[in-house]
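Let us walk through this structure, from one pair of side chains out to the whole chain. Keep the sequence and the model side by side.

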Amino acid sequence: MHPGSLIFVVLSLGLSGVNAEAKELYGPDTGVVPFGMGRAYSAVADDALSLQYNPAGLALVKKVDFQLFDLKAESNRDVVQNYSSFKNLGKTSQTSVANTLNPLAGKHVMAAVGNNTQLTIPNFALGFSYDVHTDFDLENVAYPQTDMRYTKDLAFLAGGGVGVGPKKELRVGAMLKVVNRTGGIQTMTASDFAGTTAALKDRFSATGTGYGGDIGMQYRLPMEGRTEVTSSFVWHDIGDTTFGGSQQKNPPTPMYQNIVAGLGVRFPIGGTKNRRLERRYGPTRSTSHLSLAFDYSHLNYSWNTEQLPKHVHLGANLDLPLFSFQLGMNQTSLTLGTSFDIGVIKVAFATYGEELGSYAGQKTDRRYLLSVGSSLGFGGF
C-alpha cells in the first residue's frame with residue numbers, strides 16, 4: 001500500500017468508530033506553539049515536540065538539544081477575569097463545598113501548570129514531564145451536577161524515529177511512556193456539593209501507574225523543489241493508557257486513545273545551496289520557513305457522537321531565526337501564538353478556544369498559555 005493512502009484507510013475506519021459522550025477532546029498538551037497553530041502539528045513535527053505529537057518527526061532532528069526546563073501555565077478566561085474569587089479556594093478543608101464554590105457560580109474553571117525536561121538527539125529523545133490540571137463547570141447553577149477533573153501526572157517518555165530514502169521521504173517512529181497519575185474525572189452531584197472540601201479531595205486521591213505508547217508515520221509526497229508536502233498518521237495511547245492494577249477500586253481516569261491523520265506544507269524561506277549535496281540528497285531544508293498544517297483528530301470517534309468540526313484543526317507557523325508567529329483554527333475557534341527563542345531563553349504565548357459542548361459552537365472555552373524555558377544546543381552527529 002502506498003504510504004500516503006494509509007491515512008485515508010484509517011479515516012474511513014474512524015468514521016464508524018466507538019461511541020463517546022460529548023465532551024472535551026483531549027490531545028497532546030506539551031509546548032505552546034502547537035496550540036497557536038490550532039493544535040495541527042502531526043505532519044510538521046520535526047523538532048523536540050515530535051516526541052509527544054508524532055515520534056516519526058524525530059527522524060528529521062539533526063542537532064542535540066537539552067531542554068533544561070519548560071515551565072507552562074494555562075488558564076481560561078473566567079480564571080483570568082475572576083482571579084480574586086479563585087485564589088482562596090480549598091484553604092479550609094472543613095468548609096462545605098457549596099460555600100467554597102459559591103463565588104464561582106456561573107463560571108467555568110480551567111487551570112493547568114507543568115514542566116517538561118527533555119534530551120533530544122538525532123532520531124531519539126528522552127523526556128520527563130510534570131503536569132497538574134483542574135477543570136470544572138459551574139455555569140448551570142440550576143442543575144447541580146457537573147464533571148470535575150483534577151489530575152496530577154508525572155511521566156517518563158522515550159521515543160525514536162527513523163527515515164527511509166535519500167530525503168527520508170518515509171518516516172516511522174514510536175514512543176513509550178510510564179505515567180504516574182493521581183486523580184481523574186468525576187461526576188459531581190448535589191450530595192457531593194453538600195459535603196466538605198476534605199471529602200471532595202478524597203474523590204481525587206486515587207493514584208496509579210500506567211504504561212502506554214504512540215506510533216507515528218510521516219510521508220513526504222514526491223515533488224520537485226524545496227517545498228515539502230507531508231502526510232501523517234499518529235495513534236496516541238494505543239488501546240488506552242490505564243492506571244493501577246486490575247484489582248484496584250476507583251483507579252485514576254485513563255488516557256484515552258486518539259487517532260490523528262494530518263497534512264502539512266512547508267515553504268522554505270532563504271537558506272544557502274550546496275549543489276554537490278543537492279545532486280545527491282535533493283534541495284536542502286531552510287531554517288526559516290512557513291508551514292501550513294491540517295489535522296483530523298479522534299478518528300476513533302464517529303460523527304454521530306462528536307460533530308465533524310470538533311475533529312478539525314488548521315494552523316500556520318512562520319518560523320524565523322529568533323521569532324515565530326502562529327495562526328490557526330482549533331475546531332471552530334481562532335488561535336494565535338508567538339514565541340521568542342534564543343536557546344538559553346525561550347518564551348512563548350498562545351490563545352485558543354476549546355469546544356466543550358455536544359455540537360460545534362454550543363459552548364467554547366477561551367484559554368491562554370504562557371511558557372518560559374531554557375535549553376542548550378549542540379551540533380549534530
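Are R181 and D153 buried or exposed? Both are buried in this model, which is a predicted one. The two residues form a salt bridge. Their closest N and O atoms are 2.8 Å apart. R181 sits in strand 5, residues 170–188, and D153 sits in strand 4, residues 146–164, so the pair ties together parts that are 28 residues apart in sequence.

Strand 5 also holds K177. The side chain of K177 meets that of D237 in a salt bridge, at 2.8 Å from N to O. D237 lies in the loop between strand 7 (228–236) and strand 8 (258–269). This pair links distant parts of the chain, 60 residues apart. K177 and D237 are both buried.

Now turn to E306 and K310. They form a salt bridge, with the closest N and O atoms 2.8 Å apart. E306 is buried, and K310 is buried too. Elsewhere, salt bridges with shared partners join E24, D135, D365 and R367 into one network. The salt bridges come to nine by the rule applied here.

Step back to the whole chain. Its secondary structure consists of nine helices and 14 strands. The chain has 381 residues, and 48% of them count as buried. Take the contacts between residues at least 6 apart in sequence: 67% of these join residues at least 24 apart.

Key
Residues are numbered from 1 along each chain as its sequence is written. This is a predicted model: local features need pLDDT of at least 70, side-chain atom pairs count only at pLDDT 80 or more; totals for chains, interfaces and linings use all residues. Side-chain values use heavy atoms; hydrogens and water are left out. Helices (H or I, at least four residues) and strands (E, at least two) are DSSP runs, numbered from the N terminus. Buried means under 20% relative accessible area, exposed over 50%, partly exposed in between (1.4 Å probe, protein chains only). Contact means heavy atoms within 4.5 Å. A salt bridge is a side-chain nitrogen of Lys or Arg within 4 Å of a carboxyl oxygen of Asp or Glu.
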